[in-house]
Amino acid sequence: MTQARKPATPVKEEALIIRSIRHGESSRIVTLFGGTRGKFAVIAKGARRGSVTATGGSIGPPHRVEVVVHFKPSRSVQTLGQVTLLDAYPRVKQDLTLTGYAAVVLELLNRAFTDGEANPDAFKAATGALHDLEQGSYHPRVVLWRLQVAMIKATGFALDPYPCPVCGQEPAVIGRSNLLLLDRGAICCKDCRPSRGTSIPLSGESVSLLRRITNDGDPGLDRLKPSRMAISELTRTLERFLRYHHPGIGKLPALGMLDSLETPQL
Ligand SMILES: [Zn+2]
């Protein structure tokens, strides 16, 4: 007796489009990160540029969409049904540097999770970051740092820049050069020395910035203008922190691209 083939179940999901690549004559393979399902790939048939379809204009990154997907657990690529565009981030797309920031947001999501690994906190942080880049109410590095901190927390690691794990003083006494303890996710006082674990130096300015961006109630965050040195140092430190705990992420090419966009070679 043959069992009747089980039809794919249509489900509705809000998602960010991470990437979209051409597939055959008239289709695209689109990678999405959904609010409840995490990362998954779909095939969008008849969706090539220039073709007249309902989905044509909506299926490129970094759009936020609501999709109907015909899910079959046995398939690695699902079938895309209806697409509703929720946010096209027009200001981000018109600005090359902001596009570079959006690429880092999507690359982080893409690399931090495997297919089907749901993480609503990471989805919320990424959509929040894209929204903030679009609104332009914060320095874009502040948006990126808040996302990096949120991703560290969303992937299960602690980062608290206030108490000193060596002497217990809170907040730890900060000097010109300080140590971030990668294993503890903490910063120790300028004169305290950890007895074990990996640590990296961090300037007083970067520690102060890190404290402000991890403090949701900071009223002056929208006026924050970090120095060039802190821009480079804090971004790299947070990247290294995440990579230390989650080596699978690797170095982010989009971050290197962003640095070259912001500091053009003469
Ligand atoms: Zn201390």
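This is a predicted model: local features need pLDDT of at least 70, side-chain atom pairs count only at pLDDT 80 or more; totals for chains, interfaces and linings use all residues.
Which way do α2 and α3 run relative to each other? Their axes cross at roughly 175° and come within 10 Å. An angle over 145 degrees counts as roughly antiparallel, and therefore α2 and α3 are roughly antiparallel to each other. If you want to find them on the screen, α3 covers residues 120-135, and α2 covers residues 96-112.

Now, who does the touching? From α2 we have Leu98, Tyr101, Ala102, Val105, Leu109 and Ala112. From α3 come Ala122, Ala126, Ala129, Leu130 and Leu133. Sort the residues of this contact by class and you get 11 nonpolar, no polar and no charged.

Helix α2 has another partner, so please keep your eyes on it. That partner is α4, residues 140-154. Here the two axes come within 11 Å and cross at roughly 5°, which makes α2 roughly parallel to α4. On the α2 side the contact uses Leu98, Tyr101, Val104, Val105, Leu108 and Ala112. They meet Pro140, Val143, Leu144, Leu147 and Met151 in α4. And what classes of residue make up this contact of α2 with α4? There are 11 nonpolar residues, with no polar and no charged ones.

Five strands form a closed barrel that runs β1-β2-β3-β5-β4, with mixed pairing. On average, neighbouring strands in this sheet are turned by 50° against each other, direction ignored. For one spot to look at, Val30 stands opposite Val42 in β3. And here is α2 again: α2 packs on this sheet and touches β1, β2 and β3, with its direction at about 110° to that of β1.

Let's step back to the domains. The domain assignment gives domain 1 as 9-88 and domain 2 as 91-262. Taken over C-alpha atoms, their centres are 30 Å apart. How many residues does each domain bring to the contact? Domain 1 brings 13 and domain 2 brings 17. On the domain 1 side, the elements giving two or more residues are β1 (9-23), β2 (27-34) and β3 (38-44). β3 gives the most, with three residues. By class, that side of domain 1 has six nonpolar, four polar and three charged residues.

One last stop, further along the chain. An open sheet of three strands has the order β7-β6-β8, with antiparallel pairing. The edge strands are β7, residues 186-188, and β8, residues 199-203, each pairing on one side only. Neighbouring strands of this sheet are turned by 40° against each other on average, direction ignored. β6, residues 177-181, pairs with β7 over three bridges, and Leu180 stands opposite Ile187 in β7.

Two helices lie across these strands. Helix α5, residues 204-214, lies across β6, β7 and β8 and runs at about 90° to β8. Helix α6, residues 228-245, lies across β6 and β8, and runs at about 155° to β8.

Notes
Residues are numbered from 1 along each chain as its sequence is written. Domain bounds come from an automatic or database domain assignment. Two residues are in contact if their C-beta atoms, placed from the backbone, lie within 7 Å. Helices (H or I, at least four residues) and strands (E, at least two) are DSSP runs, numbered from the N terminus. Ala, Val, Leu, Ile, Met, Phe, Trp, Tyr, Cys and Pro count as nonpolar, Asp, Glu, Lys and Arg as charged, and the others, Gly among them, as polar. Two strands pair if DSSP finds at least two bridges between them. Axes are lines fitted to C-alpha atoms, for helices over the stretch in contact, and angles run from 0 to 180 degrees between N-to-C directions. Angles under 35 degrees count as roughly parallel, over 145 as roughly antiparallel, 65 to 115 as roughly perpendicular and the rest as oblique.
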